[in-house]
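Hi there,

Here is the structure I promised to pass on to you. Have a look at it first, and then read my notes below.

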Amino acid sequence: MELKGTTICGVWRDGKCAVAGDGQVTMGEHTIFKGGAVKVRRICGGKVVSGFAGTVADAFALSSRFEEKMEQFGFNLERAAVELAQEWRRDQAMRKLEAMMIVADHSGMLIISGTGEVIAPDDGVCAIGSGGNYALAAARALMRHTDMTAHEIAEAALHVAASICVYTNDHITVEDV
């Protein structure tokens with residue numbers, strides 16, 4: 001039984017960052033298993049916000065490893081992300097993990113994937129998961145055409161994704177950095 005399906009969107013504006021995620025967990029292709037999951041959370045003693053998309057157990061394993069890397073490298077977000085991505089690619093067991101993460105702290109926001117990518121968005125907006133492209137498009141439009149805050153944009157983008165993607169719902173959690 002594979003549990004997955006989600007949308008995570010990160011927005012950086014005016015020196016503030018918000019990461020939003022929906023609450024839907026999908027079992028297989030056809031069943032909503034849970035509607036109120038929390039996939040955006042504070043880690044590292046509240047200094048970092050992490051949002052994950054993908055298989056739930058894999059995402060928890062990655063979040064735990066990322067937190068270890070943050071402690072190991074003095075809470076340097078970029079260094080910890082690169083080290084996690086490298087380990088993810090090299091380690092035989094980790095290579096099988098199916099998840100992606102958006103992580104953010106006071107210094108920036110990154111996407112981390114199992115294929116070795118560590119990506120800082122050019123325009124202050126990133127999104128992952130099944131509804132990620134919908135949320136990304138909505139957030140980019142809102143960034144260009146409104147004065148909304150990072151929090152407001154991230155939340156609104158998730159609502160747009162929830163109205164289009166069957167694997168995304170409107171039980172939204174937003175954490176600010």
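Accessible areas here come from the Shrake-Rupley method with a 1.4 Å probe. On that basis the chain exposes about 8400 Å², and carbon and sulfur atoms supply 50% of this area. Please keep in mind that this is a predicted model.

Let me begin with the whole chain. You will find four helices and twelve strands in it. The C-alpha trace spans about 40 × 40 × 25 Å along its principal axes. A compact globule of 177 residues would have a radius of gyration near 16 Å, and the chain, with 15 Å, agrees with that. Buried residues make up 48% of the 177 residues. As for contacts with a separation of 6 or more, residues 24 or more positions apart account for 60% of them.

Next, helix H1, which covers residues 56-72. At 1.5 Å a residue, its 17 residues should span 24 Å, and this agrees with the end C-alpha atoms, which are 24 Å apart. Which residues of H1 are buried? They are Asp58, Ala59, Leu62, Ser63, Phe66, Lys69 and Met70. Seen down the axis of H1, these buried residues fall within an arc of 135 degrees, so they line one face of the helix. On the other side of H1, Ala57, Glu71 and Gln72 are exposed.

Strand E2 (residues 7-13) pairs with E3 in the antiparallel sense over six bridges, and glycine 10 stands opposite valine 19 in E3. The hairpin of E2 and E3 has two residues between the strands, and aspartate 14 takes a positive phi near 55 degrees there.

E3 is also joined to strand E12 (residues 173-176), by four bridges, and these two strands run antiparallel. In this pairing, alanine 18 stands opposite aspartate 176 in E12.

Best wishes

Key
Residues are numbered from 1 along each chain as its sequence is written. This is a predicted model: local features need pLDDT of at least 70, side-chain atom pairs count only at pLDDT 80 or more; totals for chains, interfaces and linings use all residues. Side-chain values use heavy atoms; hydrogens and water are left out. The expected span of a helix is 1.5 Å times one less than its number of residues. Buried means under 20% relative accessible area, exposed over 50%, partly exposed in between (1.4 Å probe, protein chains only). The arc is that of the directions from the helix axis to the C-beta atoms. The radius of gyration is taken over C-alpha atoms; the globule rule is 2.2 Å times the number of residues to the power 0.38. Contact means heavy atoms within 4.5 Å. Two strands pair if DSSP finds at least two bridges between them.
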